[in-house]
Structure formats: C-alpha cells, structure tokens
Amino acid sequence: SLSAAVMGALESRGVLRRMSDMLEMLMKRMDILARLENSTDFHKGDEARFPLDRFQPAAGLMERIQAIAQNVSDIAVKVDQILRNSLLNGKVMEGRRDQCEVPRDPKYPDCAGKVEWMRARWTSDPCYAFFGVDGTECSFLIYLSEVEWFCPPLPWRNRTVAVPSPPPPPRAQAAFRRDLARLLELIGTGKESLSFMKKRIRHLAQQWLRAARRLEQKLAGRQRDQKHILIHIGFLTEESGDVFSPRVLKGGPLGEMVQWADILAALFMLGHSLRVTVSLKELQSHLGVPPGRGNCPLTSPLPFDLIYTDYHGLQQMKQHMGLSFKKYRCRVRVIDTFGTEPAYNHEEYATLRGYRTNWGYWNLQPTQFMTMFPHTPDNSFMGFVSEELNQTERQLIKANKVSSMAVVYGKEASIWKGKEKFLAILNKYMEIHGTVYYETQRPPEVPAFVKNHGLLPQHEFQQLLRKAKLFIGFGFPYEGPAPLEAIANGCVFLQARFNPPHSSLNHEFFRGKPTSREATGTSVFQVSSQHPYAEDFIGKPHVWTVDYNNSEEFEAAIKTIMRTQVDPYLPYEYTCEGMLERIHAYIQHQDFCTTSSLPPSPKTKSPAMQSPPSPLALSPNSTHLVWSPSAGWAPQAWPPVASLQVWVSEPQHTCTETCRRHGLVCEPTFFRFLNKEEVFLQLSIACDSTEYEMNHLYPAVAENVRECYLQKEPLLFSCAGYNPKYRRLCPCRDFRQGQVALCRDCL
C-alpha cells in the first residue's frame, strides 16, 4: 500500500501540473482581452453594443486567477514534500506494519469493517487527509481510534496518560437583561427577513423588558446557569433557497419570522449567551466542521449547550457533522410549526407502516420538536407573542369599534378564489376590508365592493384590527399568528369548520407533513378548522367556528357576532411573560442527553419495559391511577410525577382527547411509568396475554379478545392516534391556567 500511496501522489502531482498549465493559458487569454478593451477603436464603434461595465470586473478576475494559480503551485510543492517524506518514512512504517494489524477486539466489533471501508474510500473526502489519513494501515487505525471511536487505541501511540481532569469551573449565572441593543447587533444585517425580525423586536422591546422584570420577581433569585446557545435559522440560508426573504415585502408567510424573532428575544432576555447564524458557512465555522464533504466528526467538542434550528438547519447539521451529529443531537431543539408525531419521527417504524413524509424520520425525542401552537402534546409548545394592551388602550378600542366592519384574513389573492357566495352574504351586513398584496393592478379575485388596503405595515394592520368587529378566515393560511392578534385587539374571529377535516389525503398543503395531527389507525393529518387552537383553547364568544357550506348558519353567526360585545383577549401563554416562563422552564428542566432513571429492573427486556412494583395507586374514587404517596421513591422526573393521572381511553379516542375530557393534558414523558403489566391489573383490565410490540398506540388493550400490549420502543410513546380495536392507557397531568405547557408545580 506504500507503493499505492506513492503512485497516488505522483498522479496528484501530474494533475496539479496540468491545472497549473491551464490557468497560465487562461491568464494569457484574459491579458489579450484586457488589451483589446483598452484599445480606443473598441470604444468608438461598439459602445452601444458592449456596455463598458461588462468588462470592469476583468482586473478583479485576473487577480483571482493569479491567486488560484499560486495556490495550485503551493499545493504542488506540498505534494512533492509529502512524496519525499513518504519515501523516507516508508522503511520506518514497514517496520511498524506488524503493529498496525486490525485488532480483533469484541468490544469494537465494527473495527475491521471500518478499516476495509477506509482502504477503499479514504480519498472520497478531503477531511480524512485533514485528520492525517495518508492511505497507510496505521493512519486508518489512528483515525478510527482517536478521531472516530470504532477501533481500540493503539498501544504504541504515545498518548498522554489520562489524568483525572480538574472539575469544570463554576458556570456563569444567567441574569435577566435590561436592554435589547446587543441582540439587534447579534442578529446582523443583509436580509429583508432579518430587518423584519429586528423591527418586531424593537417594537415589542418595552413589553419584553416588563415581562422579564415580572418573571425575575416570580423566580425570586433562583440560580440559573447561563447556557451557550446557537440559533441557526436554516430556512433563511441561501443553500435552502431562502424563499422567505424576497417575499417579506410581498405579503409572503411571516409567521415563521414572527416566531423566530420572539424566540431570539426570549432567549436573550433570559440572560443566555447567544450566537445567531443564517448562513451555512457561519454554521460550519461555529460548529468546528473540518474542511471537506462532511463525513468526519467535528474538530473539537461542541461549544454549545443548546442549538435551536429548523428542519432545514437540522438537515445541514446532519450533512456536515459526520458522527458528531449522532453524539450531539440531544442538544438540538427543532422549531417545527405543525409538529412531528412519534409515528413519523421513528424512521424504521414510519418506513414499515408507510407513513410518508418529507420532514420526519429523525429519531429524536419527540419533545425536542417545538411547535407554534400547543396542538401536539407529543412535542413541546414553543409559541410566539402577541402584543398586550394596557387598560387605556383596551378602553379606547372598545369605544372605537365599528360593529359593521370586517377584515379578511390572508394577504394572497388566491385565498379569495371561489369565495363570492360568503362575501356577498357578509357584504349585506358589513363593510369588508382586505389587505391583499398587489403591484399595480387590483387583484381580480377581490370583489369591487371590498376595500383593499394592499399590504400594510404591522402597526397599520393593527390599527385596522382595532377598529374592526370581525376578522374572518376563508380556510387558509392554517394556524398563523394573525387570528390571535385580532382577538387581542377585540375582534371576533370567524372561521370555517372543515367537514370532512382537511388532511394529507384530501388537501395538498398537508401532504408530506410529519404528523397526522391525530394519527388514526391509518395515520392521516387531520385539521377540523383553519385554527384549531383558537377553536379548542379560546372558543366563543371570541372565536366562532361554523359550517360555511350552510349559508343560514353562516348568516346567523354574522348577525349574532354584530350584536355581541367582546373584550380584547390574549391567552397568558401568548404574552411575553408567558413565553419567557415557558422557555425558562424548558431550559432548566428538559434534558435529552442523560437517560431517564427508573429503578433497575430484574428482567429488562428492552429500554421501554421496566417491571419494579408499581408506584401507582387507585384514586379515592377508583376511576384512574395516581402516583402513590407511599411509593417510597419519586424519580427525578420533569414534569414532577405528583401531577400524573392514568386514564383509560374510549376506543375512538386518542390520549390527547381522553385527557382533555378530564380537564387535563396528555404528558408523553409519563408513559414509561405505565408501560407495565401490573398497571392493567390495577385498572381491573383482564389480560389473557401480554405482548411487547412496536406500535405508537401502545400500551393498550384489545378488550374483546382480552389481549394487552406494551410498548417496545420508547421513541414511539405517543399521545396522538387511536384505533377502534383498542382502549389506550393514557398519562395525563394538570396544567397551569393559561399555560398549558406547564403543570401546576412545573416552575
């Protein structure tokens, strides 16, 4: 293999020579062009045909080509040196060859296979050479034992004997910030989307500062470690096509940017140390990605405790971090508007079941995905904020409401297509306003009787909402922030009930989303209205969800809304304080890097199955189970186990629905406490047989045949999903009023 390396180097040297010759040729031609450009005859006749600025960059290009030529020549010199060294070291290496045989160590079963792979493919990525791989057996083994971890350390490598490392220095404490100026600098410039986000942060600055002071008082000097956090907004990188920035000024979707601006503000106000990137180059530099194609691990330990990114960013990290991605993915939090259900997140299971998606298959803990609305208890609810009104503003709004004024939700003309019937009915009672983007011509989809304001800046849009009585949705966009803003400004939000629900089977928009938003036996994304959060968590009198296909119901709703008095309303979880409180709790308590501790089980069959005596007990009225006060142990769980209640679902209900019916929310982190045979007994469920299987509906019982099922794969524990065959065991918990993400004792 030494001779092969020498041959390879000779070949490389030949290639470099040829490159050098070609560059020289190119420079000669550029020189001719430059002389031609400077000749006076050239300008006289052809000025019109050849704009001069076409040739201006020529000088710069020449410099670049010269620089490349210099680099190629430098590389050629280095290859020569390597070649000479290889020949000199050849004899030494041959002598050590016996020490570089592939070790047969049962603790490293993959070692031989990896060496085999390196032999064939080490030149496929320059990163291997960066780490010292040079085609010799020894260099493969050094790399595979010291950079990656597939082979045992080589005894002859003079590695420093492991001295016990000194304890890490005490961490800096996080202190609430008093000013947002530094954050605006961190966000940087150069994109329309960044300007939009900074404008939003400035606009809400006073609310963030007040909220931070209130939370600081609530936490009463509690110690908080300052975390090093990387925020990589993948959808704004050029590599992901950054389709959003050019559309900021044209009414494109701003919901994601609203959310990112609020996440940045919240993390900064909480006092953490932030780095913000919107380019792949910056991401690679912050992570410590070695030069090459992304197959090698990072050059040093990850310097961040947490990374907030989106699906685009996750994909980029996976492509460029090599093995380090698997090692550090527990530190990632994925901002995911619609949510990712466990059945779609687990690659093997989703593939077996045919759950197709463009975004799933990541095998993360489902609570690492963070959503815009609390619709998927399997994920964490991140949210965003809506502007709060003070008492004076609330009074002013109530005094200035125009009861016959309606504003239509949606800035794109396509939303109005085919809505003539509803608009005609609405027009009988109310003056209709639109905010549809257009360049010169009024969009033909918007009827003449509608007053279209074009695209409005945020504060002008807010003024419009403050006067309007009704904010009406025509089915799209789904789950954006605007309805919450409208309700906060005293509007009633009227939306269509989807019957049948919109899903990936009947609606293009949801195709490929990694969620069924209630995975049934067939797992289909289903949404019952344009804004399920507004429907389920706010409801009447602020939110009306009606069947638009029923003209009488639609007309009756409009008449009633015009007569109904409503106050501006904003759920606490969408205030600055609510969001700060929630993110603070997640950062303090969510830990996906240390495995959860259950008492050791004598007959563990898989990580999901543990069988110590059950710490659960029947509630006093015998309808459900609670954590027994006499259990004798309480795990270091968050949320705390005292908030747990175990209920059995009806066959047609998901665990999300089951818990909601008892005034609770489903808490997937508690599934591990009820994934036990004896829990069925405690609930008086008779099991003739008990099987362990991979299924997102388990633990569950098929009552008609008395078969009980436990979950074999912890990543598949899921609040979503039902099948008429099963009644599911559901882990529920209480929640703080107005803050569904946190239990009563979760702060």
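**Disulfides and nonpolar cores in a predicted model**

With a torsion of 95° about the S-S bond, the link of Cys330 and Cys593 is right-handed. A disulfide is taken here as a pair of cysteine sulfur atoms within 2.5 Å. The model is predicted: local features need pLDDT of at least 70, side-chain atom pairs count only at pLDDT 80 or more, and totals for chains, interfaces and linings use all residues. Residues are numbered from 1 along each chain as its sequence is written, and side-chain values use heavy atoms, with hydrogens and water left out.

The sulfur atoms of Cys330 and Cys593 lie 2.1 Å apart. This pair links distant parts of the chain, 263 residues apart. Cys330 sits in the loop between α13 (324–328) and β4 (332–335). Cys593 sits in the loop between α22 (576–589) and β14 (616–618). Helices (H or I, at least four residues) and strands (E, at least two) are DSSP runs, numbered from the N terminus. Cys330 is buried, with a relative accessible area of 14%. Cys593 is partly exposed, at 41% relative accessibility. Buried means under 20% relative accessible area, exposed over 50%, and partly exposed in between (1.4 Å probe, protein chains only).

The disulfide count by this rule comes to 9. Among them is the bond between Cys111 and Cys151, with an S to S distance of 2.1 Å. The torsion about its S-S bond is about 100°, so the disulfide is right-handed. Cys111 belongs to helix α4 (residues 111–121). Cys151 belongs to the loop between α6 (137–147) and α7 (181–187), 40 residues apart from Cys111. Cys111 is buried at 0% relative accessibility, and Cys151 is buried at 2%.

Another disulfide joins Cys655 to Cys730, S to S 2.1 Å. Here the torsion is -80° and the link is left-handed. Cys655 lies in helix α23 (residues 655–661) and Cys730 in strand β21 (residues 727–733), so the pair ties together parts that are 75 residues apart in sequence. Both Cys655 and Cys730 are buried.

The packing was examined next. A nonpolar core is a set of buried Ala, Val, Leu, Ile, Met, Phe, Trp, Tyr and Cys residues joined through side-chain atoms within 4.5 Å. The largest such core has 86 residues. Trp208, Tyr308 and Phe471 have the most contacts inside it. Helix α10 (residues 255–269) gives the most to this core, with 11 residues. Domain 2 (180–381) and domain 3 (391–569) both contribute residues, so the core lies between them. The domain bounds come from an automatic or database domain assignment.

Contact means heavy atoms within 4.5 Å. Not counting residues up to four places away in sequence, Trp208 touches Leu180, Asp262, Ala265, Ala266, Met269, Val385, Cys576, Met579 and Leu580. Cys576 is buried, with a relative accessible area of 0%.

A second, separate core has 32 residues, including Phe422, Val450, Leu494 and Tyr548. Phe422 is one of the buried residues of helix α17 (residues 420–429), with Leu423, Ile425 and Leu426. These four cover an arc of only 160° around the axis, which puts them on the same side of α17. The arc is that of the directions from the helix axis to the C-beta atoms. The buried residues of α17 pack against β7 (402–408), β8 (431–434), β10 (468–472) and α21 (551–563).
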